[in-house]
Amino acid sequence: SIIGKTIRTKTLTTVHSYVYGIKCFSFLVDKVACVSYDIKTHIRNEFAISEKRLVVIHNGILTNHNGINFTKQNDIVEDEIIRIICVGRFDYEKGQDILLRALDNLPSLKFELILVGEYSENIVKVKKEEKIEQKKFRANFEALINKYKDKLKIISTLTTPWEEIKKTSVVVIPSRIESFGLVALEAGLMSKCVLASDVGGLKEIIINNENGLIFKNGSIEDLSAKLLFLYHNRNLMDNFGKKLYNDVVNKFSLNQMGSNYLELYNELLAK
């Protein structure tokens, strides 16, 4: 920003998460690109940045990975079991405990669950009343895992588990906080049904009852009801997955993201 005052350099930053800081020095740039409208609202309110300096550019995803077939998705065994996958680091923010408690509400549901991730420190600022729950997350989570150890598998990996996603019926994203939601795009590339909480950028990717289902953030009862609904309406999972695939390819590709940034760069350079 200081250099920009002297040599006419334009400055730009992209915000990928909910951030907090010293308001008088934060984001002294020409443009702030936000990965979701929810992040845009947060930055505008938290740092009092004018609307004209804020722009939304959703994250994009590479749609032509080598060696991955995104056109043949039906690796699901047709039986009474619903196969659920949840991808994300194990912490309060990602809300895996919400999913396990929702399944606890459905004793008659025949399911298999795959949790993909690892433990990590909580890096997102939460409300004061949530800090105690944040600290208790690991103990509660491990107790629930032990209860369902015969029905779940835990995979520790830092890469996208494409083959595991391919074999599942529904991808559940139970996040309490989610600035965007790349997992939803990854699921969409596999034409999988997504059931996600109504937080952050997730509700900008998943349109309820159009290309997936949305449940109320933190509501164990709502998530349970939506899981049971999908269990009894398998055809909808297939329809949601196909619609999400089209949305991901047409709206959230890496090429689309690149075009949006190029347009923004040209706008800055023209001034």
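1. Basis. The structure is a predicted model, in which local features need pLDDT of at least 70 and side-chain atom pairs count only at pLDDT 80 or more, while totals for chains, interfaces and linings use all residues. Residues are numbered from 1 along each chain, and side-chain values use heavy atoms, with hydrogens and water left out.

2. Helices H8 and H9. Helix H8 (residues 220-231) packs against helix H9 (residues 234-251) at an angle of about 100°, and their axes are 6 Å apart. H8 and H9 are therefore roughly perpendicular to each other (angles of 65 to 115 degrees). Helices here are DSSP runs (H or I) of at least four residues, numbered from the N terminus.

3. Their contact. H8 contributes Phe 229, Leu 230 and Tyr 231, and H9 contributes Arg 234, Leu 236, Met 237 and Phe 240; contact means heavy atoms within 4.5 Å. These residues divide into 6 nonpolar, no polar and 1 charged.

4. The largest pocket. This pocket holds about 700 Å³ of space. Of its 34 lining residues, Gly 88, Arg 89, Lys 94, Glu 178 and Val 183 are the closest to its centre. Lining residues have an atom within 4 Å of a point on a 1 Å grid. Helix H6 (residues 182-189) supplies the largest share of the lining, 4 residues. The lining comprises 15 nonpolar, 12 polar and 7 charged residues.

5. Helix H3. In helix H3 (residues 96-104), 7 of the 9 residues are buried, so H3 is largely enclosed by the rest of the structure. Buried means under 20% relative accessible area, with a 1.4 Å probe and protein chains only. The buried residues of H3 are Gln 96, Asp 97, Ile 98, Leu 99, Leu 100, Ala 102 and Leu 103.

Conventions. Axes fitted to C-alpha atoms, helices over the stretch in contact; angles between N-to-C directions. Helix = DSSP H or I, 4+ residues; strand = E, 2+ residues; numbered from the N terminus. Parallel < 35°, antiparallel > 145°, perpendicular 65-115°, else oblique. Nonpolar A, V, L, I, M, F, W, Y, C, P; charged D, E, K, R; others polar. 1 Å grid on protein atoms, 1.4 Å probe; cavity = no way out; pocket = protein on both sides within 12 Å on 5 of 7 lines; lining within 4 Å. Points joined across faces, edges and corners; volume = space filled by probe spheres on them. Buried < 20%, exposed > 50% of the residue type's maximum accessible area, 1.4 Å probe, protein only.
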